Amino acid sequence: MLILALTFKIMAICGCARLDSWPTSYKRLVYHVYTIFVMLLIHTFMLSQLVDLIMIVDNSDDFTDNFYVLLAMIVSCCKMFALLVNRSNIKMLIEILTSKPFKPVEPDELKIRQKFEKLIQSNTLHYTILVETTCLSVAVTSLLTEYRKGNLTFRGWLPFDYTSPQLFPLVYAHQLISFTMGSVHHVACDSLICGFLVHICCQIEILEYRLRKSARNPNILRECVLHHNHIFKFASIVNEKFRLTIFIQFVVSTLVMCFNLYQFTKSTALKTKYMQLILYTCSMLSQIFFYCWYGNEVKLRSRQLINNVFEMEWFKFNENGQKALLMIVRRAAVPIEFTSASVISMNLDSFVGLLKTSYSAYNILQQTQGS
C-alpha cells in the first residue's frame, strides 16, 4: 500500500521528489536540472521583492502590498530547502511506516490505515484546490487589471528595463509562474508534515486494536509495548526534522494575517482585490490550522490511550501482562506533543493565540498609520 501517494506526486511537481526509484541516470540528471530551474524561479522572484522593499518602498501602502507576498515566498524557499535537505529522512520515515511494528498485519489493521490514508488524500486534495484557486484568482485579477496597464502583478526590483513589449510578457509570466510554484511548495511541505501527524494517529489506533486483541492473546503485549515506544520515537524524529519549518510558518502566518487585515481596510483592495485577499487569507489560515488541528489530535489520542487501557479487563492479565500495561500507561502519561522550535505547542490554543496576536499587531499598525 502506497503511503502519502498524492503528496509525493506534488513533491515531484515542485522538484523535491525522491530519485531512488528512478531507473536511469539520464532521468535523474534531467530532474536535477528541473530542481535547479525551480529553485532559481522562486529565489529570483523572492529576491526581486526583497530588494524592492529595501531600496524603493517609501510608504506604508507600498510596504504592505509587497510584504505579505514576500513573506509567503520566503517561507516557500525555506520549505523547498527543508524538503531537499530531508530527502533521506523522509525516505527513512516512510520505511518506518511500512515495516514492523507499524506495518498492518491483519485485515482490520489494514482497514484502519486505509481510512487514515483516505483522510490524508482528501485533506491534501482540498488544500491543493484552495491554494491553487487562490493563485488562479491572483492571475485572473492581474490579467484583467494590471497587465492592460503595463504593470506587473507584484512589486519587484529588476536590474533592467522590463517595459519593452518583448521583455514585459516574460517578466510578467516569471512572476506568476514563480508565485504558483511557490504555492506548490507550501502544499507539498504542509501535506507531508500533516500526513506524518495523521499517521501517528493511525498507529495509535492500530495499537489500541492490538491491545484489545491482547485480552485473548496476552503474548502480544510485549510487542504492544515496543510498538508504543516506536510511536514516540517516530513522533520525535518528525518533530526534530521539521520544527524549524513549522516555527517559521507560525511567525509568518501571524505577520501575513496582520497585513492582510490592513489590506482589507484599504479602499483599493475592496474594489479590485477583495476576493483575492479572502482566498489568500483562507489559504494562510488553512496552513497553520492543519498543523494545530492534527498536532492537537496527536496529543489527545496519545493521552486517550490511558483511558482505553483502563477500560480493558486488565485485572485478568497475569503479573507480566499487568506490568506491560503499566509501562504503556506510564509512558502515555506524558502525551506526544509537537512544538515549533521548542517554543510554541501545535494545538488549537496556539491557533487561537495566533489569531489574537495577528489582530493585536493589526491594531498597532492602524494606530501607527493614524498617527
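This is a predicted model: local features need pLDDT of at least 70, side-chain atom pairs count only at pLDDT 80 or more; totals for chains, interfaces and linings use all residues.
A crossing of two helices is called left-handed if the near helix is turned anticlockwise from the far one by less than a right angle.

The protein chain contains 12 helices and 2 strands. Along the sequence, their order is α-α-α-α-α-α-α-α-α-α-α-β-β-α. The C-alpha atoms occupy a box of roughly 80 × 60 × 30 Å along the principal axes. Of the chain's 371 residues, 48% are buried. Among contacts between residues at least 6 apart in sequence, 80% link residues at least 24 apart.

Helix 7 comprises residues 168-213. At 1.5 Å a residue, its 46 residues should span 68 Å, and this agrees with the 67 Å between its end C-alpha atoms. Because 39 of these 46 residues are buried, helix 7 is largely enclosed by the rest of the structure.

Two packed helices are described by the angle and the distance between their axes. The axes of helix 10 (residues 274-310) and helix 11 (residues 319-332) come within 8 Å and cross at roughly 150 degrees. Angles over 145 degrees count as roughly antiparallel, and the two helices are therefore roughly antiparallel to each other. Helix 10 passes helix 11 in a left-handed crossing. The residues that meet in this contact are set out below.

| Helix | Residues in the contact |
|---|---|
| Helix 10 | S302, R303, L305, I306, V309 and F310 |
| Helix 11 | L325, I328, V329 and A332 |

By type, the residues of this contact comprise 8 nonpolar, 1 polar and 1 charged.

Note on methods
Residues are numbered from 1 along each chain as its sequence is written. Side-chain values use heavy atoms; hydrogens and water are left out. Axes are lines fitted to C-alpha atoms, for helices over the stretch in contact, and angles run from 0 to 180 degrees between N-to-C directions. Helices (H or I, at least four residues) and strands (E, at least two) are DSSP runs, numbered from the N terminus. Angles under 35 degrees count as roughly parallel, over 145 as roughly antiparallel, 65 to 115 as roughly perpendicular and the rest as oblique. Contact means heavy atoms within 4.5 Å. Ala, Val, Leu, Ile, Met, Phe, Trp, Tyr, Cys and Pro count as nonpolar, Asp, Glu, Lys and Arg as charged, and the others, Gly among them, as polar. The expected span of a helix is 1.5 Å times one less than its number of residues. Buried means under 20% relative accessible area, exposed over 50%, partly exposed in between (1.4 Å probe, protein chains only).
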